[in-house]
Amino acid sequence: MDTKKIKALFDCELEDISDVFIISEDSDLENQNQTNAIFSEKWIKYSREEIKQQEALFKFQKAWYLDLYSFDSEDALKEYLQEQDIVLDAGCGLGYKAKWFADLSPETLVLGMDYSDSVFPAAKIYKGTENLKFIKGDIANTRLKDSTISYVSCDQVIHHTEDPEKTMEEFSRILKKDSELAFYVYAKKALPRELLDEHFREVTKTIASDEMWEMSEQLTELGKTLSELDIEIDVPDIPLLGIKGGKMDVQRFVYWNFIKCFWNEDLGLETSISTNFDWYAPSNAKRYSLEEFIEMTTKANLAQNYIHSEEACYSGRFKKL
Ligand SMILES: C[S@@+](CC[C@H](N)C(=O)[O-])C[C@H]1O[C@@H](n2cnc3c(N)ncnc32)[C@H](O)[C@@H]1O
C-alpha cells in the first residue's frame, strides 16, 4: 500500500494508530458523540461474536446491498468497481463491505471511514489487504480534498450523522464530476411507531447502555414469540395512523406499526439483539419520506440514477453533476 498516496488525498496530517489513520477521535456534538459510543460498543461486542453468526449477517447484507443499489449481480458490482480508482465506504462499521469492494477490485483503493472504534478491529482483521485502508473520522467532515473520490458508498449510515443534509454536501464536494453516491435512509413508518422511535432519540441519552441491551433482548424475545405464533390477521386501513390494511403476519403488523421487535431465525439470536439495540440506542437516527430522501440529493447537486424503495428504507445511486 502506498501510504504517501493515501495521505496526499487529505488536507490534514493523519496520525497512525494501530494501522488506522486518525482524522478525528471525538465529536463536539452531544448526539453524535453518544451515537459513536453506542456503535463502538455494538461493534466491539459483535466483533467477538462467533464467526458463523458474523458470516451469516455479512452474506445477508451483501445480497441486500446488490438489491439496494441496483447491481444485477456481484459480477456487475465487480465490473463497476473496477472502473473506479478510489472508493469511500462512508460509515464502514466492521469494514466487511469495504473488504468486499477491495477484493472485487484489487486495483482500486478502498477507504473505509467510521467515527466509532469499529475501525480498529476492521484494520486488524483485514490487515493483509493491500488496497484497503481504515480511517477514523466524521464522514460529514472527511478532510478529503475536493473531487477525489469516484464512488461513495454510504450504506445505512447518513441518518446517524448529526446533520444528514450537511453530510450529503460533503459527499458532493469530494465526488468527482459524473461519479456516483450510493446511499440509504430509514423510511418513516406508521404514526405509533414513529412516536415511540422519536421518544427514544431523546431518552436513550439518559438510560444506561446495559438497560438498552436488556430492552433489546426483551424486544428480540417479543419478536420471536410473535413470529412463532405464525398467525395472519386482516388489518383495516387506518389512514390517520398511517396503518396500511391487508392480510398481515401478526409479528410484521406489530413491527411496522408499533415497536421494532426484530427477530430473524437465520441470522440468529445475537444478531437479532444487536439489530434491536442499534435501532433504539443511538440518539441520531432520522427517518425520511421518499420526497425528503430525493430532496436531500437535489439540494446537493446530485441527480437520480437509480431509486429503490421498500418498507424499511429508501436507497439509490445518484450522480454528481
Ligand atoms: C448501521 S451501521 C452501518 C455500518 C455499515 N455501513 C454496514 O452496512 O454494515 C452505521 C455506522 O455509521 C457510523 N457513523 C455514524 N455517524 C457517523 C459519522 N458522522 N461519521 C462516520 N461514521 C458514522 C456508525 O459508527 C456505524 O458504524
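The exercises cover a helix pair, a ligand shell and one aspartate.

This is a predicted model, in which local features need pLDDT of at least 70, side-chain atom pairs count only at pLDDT 80 or more, and totals for chains, interfaces and linings use all residues. Residues are numbered from 1 along each chain as its sequence is written.

**Exercise 1.** Find how the axes of helix H9 and helix H10 cross.

Step 1. Helices (H or I, at least four residues) and strands (E, at least two) are DSSP runs, numbered from the N terminus. Helix H9 spans residues 209-229 and helix H10 residues 250-257.
Step 2. Axes are lines fitted to C-alpha atoms, for helices over the stretch in contact, with angles from 0 to 180 degrees between N-to-C directions. The two axes come within 7 Å and cross at roughly 140 degrees.
Step 3. Angles under 35 degrees count as roughly parallel, over 145 as roughly antiparallel, 65 to 115 as roughly perpendicular and the rest as oblique. H9 is therefore oblique to H10.

**Exercise 2.** Describe the shell around the ligand.

Step 1. Helix H2 (30-47) and strand S4 (109-114) each supply at least two shell residues; H2 gives the most, with 4 residues.

**Exercise 3.** Locate aspartate 249.

Step 1. Aspartate 249 lies in strand S9 (residues 246-249).

Technical notes: A residue is near a molecule or strand if its C-beta atom, placed from the backbone, lies within 6 Å of it.
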